[in-house]
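This report goes through a structure shown below, part by part. Please look at the sequence and the model first.

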Amino acid sequence: MNDHVATAHDPIDRDHGLALYHQMVRIRRFEEKCAELYSAGTIRGFLHLYIGEEAVAAGAMAALAPGDAVVATYREHGHALARGIAAGPLMAEMFGKREGCSRGRGGSMHVFDRATRFYGGNAIVGGGLPMAVGLALADRMRQRATVTACFFGDGAAAEGEFHESLNLAALWKLPVLFLCENNLYAMGTRLDRAQSQIDLTIKAQAYAVRAEAVDGMDVLAVEKATRQAADLVRRGDGPAFLEFRTYRYRAHSMFDAELYRDKAEVELWKTRDPVEMLEGRMRRWSLATDADLAAIAAAVGTEIADAVRFADAGSWEPVSDLTLDVVAAAPAIPPAPALAGARS
Amino acid sequence: MIRTTYRDAIRAALREALLGDPRVFLMGEDVGAYGGSYAVSKGLLDEFGPERIRDTPLSESAFVGAGIGAAIGGMKPIVEVMTVNFSLLALDQIVNNAATLRHMSGGQCNVPLVIRMATGAGRQLAAQHAHSLEGWYAHIPGLRIVTPAIIEDARGMLPTALASPDPVLIFEHQTLYNMEGEIDERAGAVDLDRAAVRRPGTDVSLITYGGTLGRTLAAAEALAREGVQAEVVDLRVLRPLDTATIVASVRKTRRAVVVDEGWRSGSLSAEISARLHESLFYELDAPVARVCSAEVPIPYPKHLEDAAVPQAASIAAAARALAGVHA
């Protein structure tokens, strides 16, 4: 399944390797805590866990610049953390508390953070792609040298919005980085049961978009491919498409009985676990010691405990604010401009 | 005063917006080289160039969604959708993104987007180009829905819509583009929150909007010849509804006919009727009447299309049927 997939084996900087490892562990522990809190009834609604796919968010975000924009899906906790949204407001959002990054209104599926240009958290499969095209259009028209990174799954490649958006971005040479997380299942429907062409890079190439498949379990490969693609996109060569071949270990959401796949398949993918693979390399390359990894584990444990405390201590938005921020007040009539044509 | 048309008034508003704010741009199907399917944007490509007058592929969801993204990204996009029927291909973007993002993001991501589209019957375009679905959009919290029915509003609603921090959908009835009239040469921005009384009267309120305003005014003239003074209220804004103006009119006349080119079932006319009954139950002299489109897909032949949508005669007949209107 991973033939012709880009991999990276270049030795890396110790601090950078440890930072990637830290990021992935952080995402995994955060989500394990979320699963626990879901079982306890503290987190409600839908909860889609990313466990197994951490290399994609950690590697891709490491390759983006601070001014870049991000559009993600309903399985976006990892992206939010890796993008720089603090664990406290993210956990508070899961709880539905006012201190959450979306004021508690969105919950797990709708994480927003204007400060890091994190534009959701979209729970309509494919629904974020047109928006990403528009964000890239605005940045280009405003002459900003930014990239809009748009994450979506293999399921989105079956939606019309995927095809319309790739075409439009390519046609207008917009700086969009289309980042497909192919975890092989659209909810419970395996890719080859839903799509006639299962090599998703071919779909992107059909729209004249540069496309590459990448081992999505290898954080170094993800980062390298994303950095290369982002450089091309940033310099104005139009969009790029990366297909990260990855796997979700957990159910689609907490309601999923997983009738559609064998446990053996899950176990097979776990033998290529992104966290363990990086740990193994770091040890082989003598870039990490037991003490390093223990320190990271301890820091992550503290961070997540603090995040849960922050969320617990948060407040409920008063019901009197229910209709706040649906729309602003009626727009004021703008002052009369100079007569049309006066400035032409 | 200057003589102009509804179409030219919209073009003047577009041009003013493009000249006045570098963030403003227009995109949609055939808005550039073709000049707009209703010729509204004719000449703008030559004047403003392809960066700001953007012809799009036939991808309603992508270009409406791109408008949403560009609005969040700091631009002031005006997206033209050829007709309301085609806008259904972008319904996901309008309803699931444009309308929700501000609230769902806790106030972080408002969407200052303007979407213009043609609506309505009357040009024998049959059942996929002639429906009036603006009432559907008026159902959605997070959107502002406006329906310019006169040239001043065609000229003045766009600048105010562009000043709105939230998405505004402008529905232009396709029979109005050729409407001629005189407006003040300095006519400019108008409010987007009030209904307007277009003809004062004392005996019955005829409440309408958009393409049926002209037919409703004609019905009022016919009624006047019979001694019935009808007040004509132009809703102008379908969301949020200006309930105060509607209720004030009907409190005075005690009778109301709601004229809506949308279908009757589950409709905007039902909403208005309900609000009138909620507010004025004991003051009404007759139940609120409605003149809506027949519950059929709009047919092609002229005689059937005419029969399917509200006409001056059917509006006047509905008013005459109200208890006591001739007293």
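## A strand pair in chain A

In strand E3 of chain A, A:Tyr119 is the bridge partner of A:Phe112. Strands E2(A) and E3(A) run antiparallel and are joined by two bridges. Strands here are DSSP runs of type E with at least two residues, helices are runs of type H or I with at least four, and both are numbered from the N terminus. Two strands are said to pair if DSSP finds at least two bridges between them.

The model is a predicted one, in which local features need pLDDT of at least 70 and side-chain atom pairs count only at pLDDT 80 or more, while totals for chains, interfaces and linings use all residues. Residues are numbered from 1 along each chain as its sequence is written, and chains are lettered from A and ligands numbered from 1 in the order in which they are written.

## The sheet of chain A

The pair belongs to an open sheet of seven strands with mixed pairing, in the order E2-E3-E1-E4-E5-E9-E8 of chain A. Its edge strands are E2 (112-113) and E8 (210-215) of chain A, each of which pairs on one side only. Helix H5(A) packs on this sheet and touches strands E1 (69-73), E3, E4 (148-153) and E5 (176-182) of chain A. The direction of H5(A) makes about 175 degrees with that of E4(A). Axes are lines fitted to C-alpha atoms, for helices over the stretch in contact, and angles run from 0 to 180 degrees between N-to-C directions.

Two backbone details belong to chain A. The peptide bond from A:Gly120 to A:Gly121 is cis, with omega near 25 degrees, and A:Gly121 lies in strand E3 of chain A. A:Arg103, in the loop between H4 and E2 of chain A, has a positive phi of about 65 degrees although it is not a glycine.

## Two helices within chain A

Helix H4 (residues 87-95) and helix H12 (residues 290-313) of chain A cross at roughly 50 degrees, and their axes come within 8 Å. That angle makes H4(A) oblique to H12(A); angles under 35 degrees count as roughly parallel, over 145 as roughly antiparallel, 65 to 115 as roughly perpendicular and the rest as oblique. The crossing is right-handed, a term used if the near helix is turned clockwise from the far one by less than a right angle, with anticlockwise giving left-handed.

Residues of H4(A) in this contact include A:Met91 and A:Phe95, and those of H12(A) include A:Ile304 and A:Phe310. Two residues are in contact if their C-beta atoms, placed from the backbone, lie within 7 Å. By class, the contact of H4(A) with H12(A) has 10 nonpolar, one polar and two charged residues. Ala, Val, Leu, Ile, Met, Phe, Trp, Tyr, Cys and Pro count as nonpolar, Asp, Glu, Lys and Arg as charged, and the others, Gly among them, as polar.

## Where the chains meet

Chain A gives 43 residues to the contact and chain B gives 49. On the side of chain A, the elements that give two or more residues are strand E3 (118-122), H5 and helix H6 (160-171). H5(A) supplies the largest share of that side, 10 residues. The side of chain A divides into 24 nonpolar, 10 polar and nine charged residues.

Helix H5 (residues 128-141) of chain A packs against helix H3 (residues 60-72) of chain B at about 50 degrees, with the axes 6 Å apart. The two helices are therefore oblique to each other, and their crossing is right-handed. Among the residues in this contact are A:Met131 and A:Leu135 of H5(A), and B:Gly65 and B:Ile68 of H3(B). In all, the contact of H5(A) with H3(B) has 12 nonpolar, five polar and no charged residues.

## The sheet of chain B

Chain B has an open sheet of seven strands, in the order E3-E2-E4-E5-E7-E6-E12, with mixed pairing. Strands E3 (53-55) and E12 (237-239) of chain B stand at the edges with a single partner strand each, so one side of each has no neighbour in the sheet. H3(B) lies across strands E2 (24-28), E4 and E5 of chain B and runs at about 160 degrees to E4(B).

Strands E4 (residues 76-83) and E5 (residues 114-119) of chain B run parallel and are joined by five bridges. B:Thr83 stands opposite B:Ala118 in E5(B). A cis peptide bond, with omega about -5 degrees, joins B:Arg239 and B:Pro240.
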